[in-house]
Structure formats: C-alpha cells, structure tokens
Amino acid sequence: MEGIELGARRIGHGVAAIQDNQALSYIKQHNALLEICPTSNLQTKAIQSVEELNIRKLIEQGIPFNINTDNRTVSNTNLNQEYQLLYNHQLLSIAEMKDINIKAIDHAFISDIEKEQLKMKY
C-alpha cells in the first residue's frame, strides 16, 4: 500500500496481495494493477502451485491485473506460455484472457490516445 501512496500504479510481484483482502480493496480503490508472473512466482517459491494465484478471486472482485513474464530470459518463458499454463490449469478461459488484456491497456505506459487506438484493435 505504501508504494501506491507514493504514486505506483502497477504492482510487480504483487502475488502476496492476493491473500490480503484489505490490500486488494486498497489496490482496487486506487485503480492500481497487479502484475501476475506465474512462472517466476513458481520458480522463486512465492507460490507452490499456480492455483495459489487465485485468479478467479481477482476477476470476481474486479481487481485490475495482467499476466506478465517477469524476466523472460531468467524465467525461460514467454507470454504465450504463461497463458497456456493458466489455461491448462483451468484458471482462465480464452475470453477472460482477452478481457484481461483489454483492461490492462488502461495501465500501459503509453498515452491515452495510444491506449484508445490499441483498444480499437480488439
């Protein structure tokens, strides 16, 4: 929460926040985005299984989040593999993946005009 108070609008490696309802409420209230990096979280043992990410909870509570690779060369993954991992574990549908990406555009480090242009492509 301190990071958001200091102006952060994206929370990298915010996996611990998923277990803290007060933190999730604060994140939602301040329209911050959680960057979820499944492979990295597994490799660093921040989670023991992808189910611990509780993506369903984030979706149901309307918590802004995206799926990220962290560092592709260290984690030896790419975004397609991250989505495939979540899909294989039945944590996300194809439609939900699209919706997550569209919503994440609002948190991209680009201008508002570029955000709107990107959304039109969907």
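Asn54 counts as partly exposed because its relative accessibility is 31%, where partly exposed lies between buried (under 20% relative accessible area) and exposed (over 50%), with a 1.4 Å probe and protein chains only. The model is predicted, so local features need pLDDT of at least 70, side-chain atom pairs count only at pLDDT 80 or more, and totals for chains, interfaces and linings use all residues. Residues are numbered from 1 along each chain as its sequence is written, and side-chain values use heavy atoms, without hydrogens and water.

Asn54 sits in the loop between α3 (38-43) and α4. Helices (H or I, at least four residues) and strands (E, at least two) are DSSP runs, numbered from the N terminus. The phi of Asn54 is positive, near 50°. Most residues other than glycine have a negative phi. Asp70 also is not a glycine, and its phi is about 65°. Asp70 lies in the loop between β3 and α5 (72-75). With 38% relative accessibility, Asp70 is partly exposed.

Helix α7 (residues 94-104) has Met97, Ile100 and Ala104 as its buried residues. They lie on the same side of α7 because they cover an arc of only 65° around the axis, taken from the directions from the helix axis to the C-beta atoms. Ala95 and Lys103, on the other side of α7, are exposed. The buried residues of α7 pack against β2 (33-36), β3 (65-67) and α6 (79-88); contact means heavy atoms within 4.5 Å.
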